[in-house]
Amino acid sequence: MTPADLPAWLAARGGPAPWRVLVVTAHPDDEVIGIGGHLPLLPRARLLHVTDGAPRDGRDAAAHGFGSCADYAAARRRELAAALCLAGLPASATGCLGIPDQEAALHLPEIARTVGAAIAECGAEAVLTQAYEGGHPDHDATAFAVHRAARASGVPVFEMTGYHAGPEGIAVGDFLRGFGPAPTTLPLSPEQSALKRRMLDCFATQRQVLAAFPIGPERLRPAPRYDFTRPPHPGRLFYENFPWGMSGDRFRQLAAAAA
């Protein structure tokens with residue numbers, strides 16, 4: 001088997017995957033939402049977070065009882081370290097660009113360069129990341145940067161599920177319908193489900209948000225070849241419902257400039 005067979009390997013639970021995998025996500029906890037139940041099968045994984053998980057305006061920090069954005073970001077790092085420890089991954093396996101939450105789209109060239117350097121530095125044979133679905137501008141920015149970097153390196157890119165706009169608000173646990181390759185479904189054993197529950201519970205500051213996400217199954221698919229200058233789907237994007245300083249039009253302008 002080759003790194004291109006990573007989803008099939010995980011679905012078969014063939015033991016620890018032999019490949020070096022780089023997991024690139026926007027926020028601490030995105031990797032647990034997407035692939036947490038199977039992280040123990042990726043012992044050679046390295047993780048790279050684009051943002052520190054703390055919006056610059058300080059409202060989230062204050063809402064969770066922190067006196068500063070820096071304190072809030074530090075708490076999110078501690079939560080991540082505790083979750084990864086449960087999966088057998090050391091804190092040293094992670095890196096962070098430190099961009100404030102909700103601002104990744106303002107740094108697309110920088111993120112793409114850093115992801116490219118990370119692929120080379122850790123000798124990644126596959127990359128796991130997020131889909132371009134309009135769920136969060138940081139997710140879409142991460143997808144853009146990974147696609148730019150991976151295209152230059154030639155490593156296969158796989159996507160995890162996150163969230164996007166659905167007919168009744170937020171849609172979680174699956175990809176947008178009608179676009180992209182068919183995903184590989186990764187069922188969770190009772191032990192994997194229990195582990196993922198414990199990992200999610202580590203993120204005390206995100207408890208209310210994470211309540212919307214199912215434990216499993218998890219899904220991976222080969223990343224489609226996106227046109228980031230076009231909307232991921234018709235209509236209003238999910239993140240356009242929030243005052244995060246980003247619209248779909250502005251994101252696509254930034255992506256076109258960065259490309």
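## Cavities, pockets and buried residues

Modeller: The second largest cavity has a volume of about 70 Å³. Keep in mind that this is a predicted model.

Colleague: What makes it a cavity and not a pocket?

Modeller: In a cavity a 1.4 Å probe fits but cannot get out, whereas a pocket is an open set. The second largest cavity is lined by Ile 33, Gly 34, Thr 161, Gly 162, Gly 173, Lys 196, Phe 213, Pro 214, Pro 217 and Glu 218.

Colleague: How do you know how that lining divides by class?

Modeller: Lys and Glu count as charged, and Gly counts as polar. The lining of the second largest cavity comes to four nonpolar, four polar and two charged residues.

Colleague: How many cavities of 30 Å³ or more are there?

Modeller: Three. The largest cavity holds about 90 Å³ of space.

Colleague: Which residues line the largest cavity?

Modeller: Among them are Gln 130, Ala 131, Glu 133, His 136, His 139, Asp 140, Met 160 and Tyr 163. Thr 161 and Gly 162 also belong to that lining, and both are listed for the second largest cavity. By class, the lining of the largest cavity has three nonpolar, seven polar and two charged residues.

Colleague: Which element gives the most to the lining of the largest pocket?

Modeller: α8, with four residues. At least two residues each come from α2, β2, α3, α4 and α8. The classes are 13 nonpolar, nine polar and eight charged.

Colleague: And the second largest pocket: how much space lies in it?

Modeller: About 180 Å³. Of its 13 lining residues, the closest to the centre are Leu 22, Arg 46, Leu 47, Ala 118 and Glu 121. β2, β3 and α5 each give two or more residues to this lining. The largest share, five residues, comes from α5. Seven lining residues are nonpolar, four are polar and two are charged.

Colleague: Next, helix α7. How do you know its span is close to the expected one?

Modeller: Helix α7 covers residues 190-201, twelve in number. From first C-alpha to last it reaches 17 Å, and 16 Å is expected at 1.5 Å a residue. The two values are close.

Colleague: Which residues of α7 are buried?

Modeller: Gln 192, Leu 195, Lys 196, Met 199 and Leu 200. They cover an arc of only 135° around the axis, so they sit on the same side of α7. Pro 190 and Glu 191, on the other side of α7, are exposed.

Colleague: What do the buried residues of α7 pack against?

Modeller: Two of the partners are α2 (30-35) and α4 (69-86). The others are α8 (207-210) and β9 (218-222).

Colleague: Why is Thr 129 called buried?

Modeller: The cut-off for buried is under 20% relative accessible area. Thr 129 has 0% relative accessibility, so it counts as buried. Thr 129 is found in strand β4, residues 126-130. Beyond its neighbours within four places in sequence, Thr 129 is in contact with Val 24, Thr 142, Val 146, Val 157, Phe 158, Glu 159 and Met 160.

Colleague: How far is the C-alpha atom of Val 23 from that of Val 115?

Modeller: The separation is 10 Å, although the two residues are 92 apart along the chain.

Colleague: What about Arg 252: why does it count as buried?

Modeller: Arg 252 is at 15% relative accessibility. The cut-off is under 20%. Arg 252 therefore counts as buried. Arg 252 is found in helix α9, residues 248-258. Not counting residues up to four places away in sequence, Arg 252 touches Tyr 132, Phe 228, Thr 229, Arg 230, Pro 231 and Leu 237.

Definitions and conventions. Residues numbered from 1 in each chain as written. Predicted model: local features only at pLDDT ≥ 70, side-chain atom pairs only at ≥ 80, totals over all residues. Heavy atoms only, no water. Expected span 1.5 Å × (residues − 1). Buried < 20%, exposed > 50% of the residue type's maximum accessible area, 1.4 Å probe, protein only. Arc of directions from axis to C-beta. Contact = heavy atoms within 4.5 Å. 1 Å grid on protein atoms, 1.4 Å probe; cavity = no way out; pocket = protein on both sides within 12 Å on 5 of 7 lines; lining within 4 Å. Points joined across faces, edges and corners; volume = space filled by probe spheres on them.
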